[in-house]
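Please keep the structure open while reading.

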Amino acid sequence: MNTTNIDPLADVLGLMRDLRARCEWDAAQTHESLRPYLIEEAHELDDAIRLQDDKLVREELGDLLLQVLFHSVLAEERGSFSFADVAEGLITKMKGRHPHLYGDAAKEPWERMKSRQRKSISEGLPSGLPALHRAHRLQDRAAGVGFDWPDVEGPASKVEEELGEVRSELEKSPPPKPGAPPVLDERHYALEAELGDLLFAVVNLCRKAGVHSSIALDKANAKFERRFQLIEKMARERGIDVPHAGLDKLDALWDEAKLAERAGGSPDGK
């Protein structure tokens, strides 16, 4: 850990200004051209956190900080705002979010405070926000103004209700055979709507249970990928052709994969 008496933030900000002055690539960048890098660096940091790799997290935090500084220096050059303004705005915002700590106001949920400033429930949500995360945030905002169940029983019942409606639509319009394209008619869109409602209800159940649906699904994806890779490994060792093995044989391999994970101390214990 670095304990030297220097201002590392000032140093890296000075470095960014120097790069803008002397590096052709850095000098050519704009807010628009940097957009893909900002998204990429955020995803790389997310991967590092998922891997629980402190060294990598530290590195990726630096890369993300570079993007913040880059955009700040670009704005500084055109006289719009500086990094100091960004930091000051952040301090003001964080103190405003905690009036009970930095003032004499009573403690109040953040979403309730923000609801008084918004014109609509979706105001300020990024257009590119992943669907699961957007659903979670919309539900958070609705809960902030009192539109919420008191416990998990309501969301759980809603999931069951929506699943029943999906089953009803499936009875009316059986899904296409494997490999056949779906028929995009009214029945298809009715089923799509019901499945969307089911997903939204599951997200709400996750939220009410204190679980973020996108993180839960990410872990479920990783678990499925890990187990299926084990199935493929076992199949290769036994000379089994996976695409032609059939469901019964693959299901038996799946059960073996689960048992192997348990024996190996799988993180999820399943």
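1. Helix 8 and helix 9 are roughly antiparallel to each other, in what is a predicted model. Their axes cross at roughly 165° and come within 9 Å. The label follows from the angle, because anything over 145 degrees counts as roughly antiparallel. The crossing of helix 8 and helix 9 is left-handed. Helix 8 covers residues 153-172, and helix 9 covers residues 186-208.

2. Which residues bring helix 8 and helix 9 together? On the side of helix 8 they are Pro 155, Ala 156, Lys 158, Val 159, Glu 162, Leu 163, Glu 165, Val 166, Glu 169, Leu 170 and Lys 172. On the side of helix 9 they are Arg 187, Ala 190, Leu 191, Glu 194, Leu 195, Asp 197, Leu 198, Ala 201, Val 202, Asn 204, Leu 205 and Lys 208. Sorted by class, this contact has 13 nonpolar, 9 charged and 1 polar residues.

3. Is Leu 163 buried or partly exposed? Its relative accessibility is 34%, so Leu 163 counts as partly exposed. Within helix 8, Leu 163 is 10 residues from Glu 153 in sequence, and their C-alpha atoms are 15 Å apart in space.

4. The loop between helix 8 and helix 9 contains Pro 182. With 44% relative accessibility, Pro 182 counts as partly exposed. Setting aside residues up to four places away in sequence, Pro 182 touches Pro 176 and His 188.

5. The next pair is helix 3 (residues 31-51) and helix 4 (residues 54-77), whose axes come within 8 Å and cross at roughly 160°. These two helices are therefore roughly antiparallel to each other, and their crossing is left-handed. Helix 3 contributes His 31, Leu 34, Tyr 37, Leu 38, Glu 41, Ala 42, Glu 44, Leu 45, Ala 48, Ile 49 and Leu 51 to the contact. Helix 4 contributes Leu 56, Val 57, Glu 60, Leu 61, Asp 63, Leu 64, Gln 67, Phe 70, His 71, Leu 74 and Ala 75. By class, the residues of this contact are 15 nonpolar, 3 polar and 4 charged.

6. Is Glu 41 buried or exposed? At 13% relative accessibility, Glu 41 counts as buried, because the cut-off for buried is under 20%. Which residues does Glu 41 contact, leaving aside neighbours within four places in sequence? They are Glu 60, Asp 63, Leu 64 and Gln 67. Taking Gln 67 from that list, Glu 41 and Gln 67 are 26 residues apart in sequence, while their C-alpha atoms are 8.3 Å apart in space.

7. Gln 52 lies in the loop between helix 3 and helix 4. What is the phi of Gln 52? The angle is near 55°, a positive value in a residue other than glycine. Gln 52 counts as exposed, with 69% relative accessibility.

8. Helix 10 (residues 213-238) and helix 11 (residues 247-263) pack with their axes 9 Å apart, at an angle of about 115°. That angle makes helix 10 roughly perpendicular to helix 11. The crossing of helix 10 and helix 11 is right-handed. From helix 10, the residues that meet helix 11 are Phe 224, Arg 226, Arg 227, Phe 228, Leu 230, Ile 231, Met 234, Ala 235 and Arg 238. From helix 11, they are Leu 250, Leu 253, Trp 254, Glu 256, Ala 257, Lys 258, Ala 260 and Glu 261. Among the residues of this contact, 11 are nonpolar, 6 are charged and no residue is polar.

9. A last point concerns cysteines. A disulfide is a covalent bond between the sulfur atoms of two cysteines. How many disulfides does the structure hold? The count is 0. Cys 23 has a relative accessible area of 25% and is partly exposed. Cys 206, at 17% relative accessibility, counts as buried.

Terms used: Residues are numbered from 1 along each chain as its sequence is written. This is a predicted model: local features need pLDDT of at least 70, side-chain atom pairs count only at pLDDT 80 or more; totals for chains, interfaces and linings use all residues. Side-chain values use heavy atoms; hydrogens and water are left out. Axes are lines fitted to C-alpha atoms, for helices over the stretch in contact, and angles run from 0 to 180 degrees between N-to-C directions. Helices (H or I, at least four residues) and strands (E, at least two) are DSSP runs, numbered from the N terminus. Angles under 35 degrees count as roughly parallel, over 145 as roughly antiparallel, 65 to 115 as roughly perpendicular and the rest as oblique. A crossing is left-handed if the near helix is turned anticlockwise from the far one by less than a right angle, and right-handed if clockwise. Contact means heavy atoms within 4.5 Å. Ala, Val, Leu, Ile, Met, Phe, Trp, Tyr, Cys and Pro count as nonpolar, Asp, Glu, Lys and Arg as charged, and the others, Gly among them, as polar. Buried means under 20% relative accessible area, exposed over 50%, partly exposed in between (1.4 Å probe, protein chains only). A disulfide is a pair of cysteine sulfur atoms within 2.5 Å.
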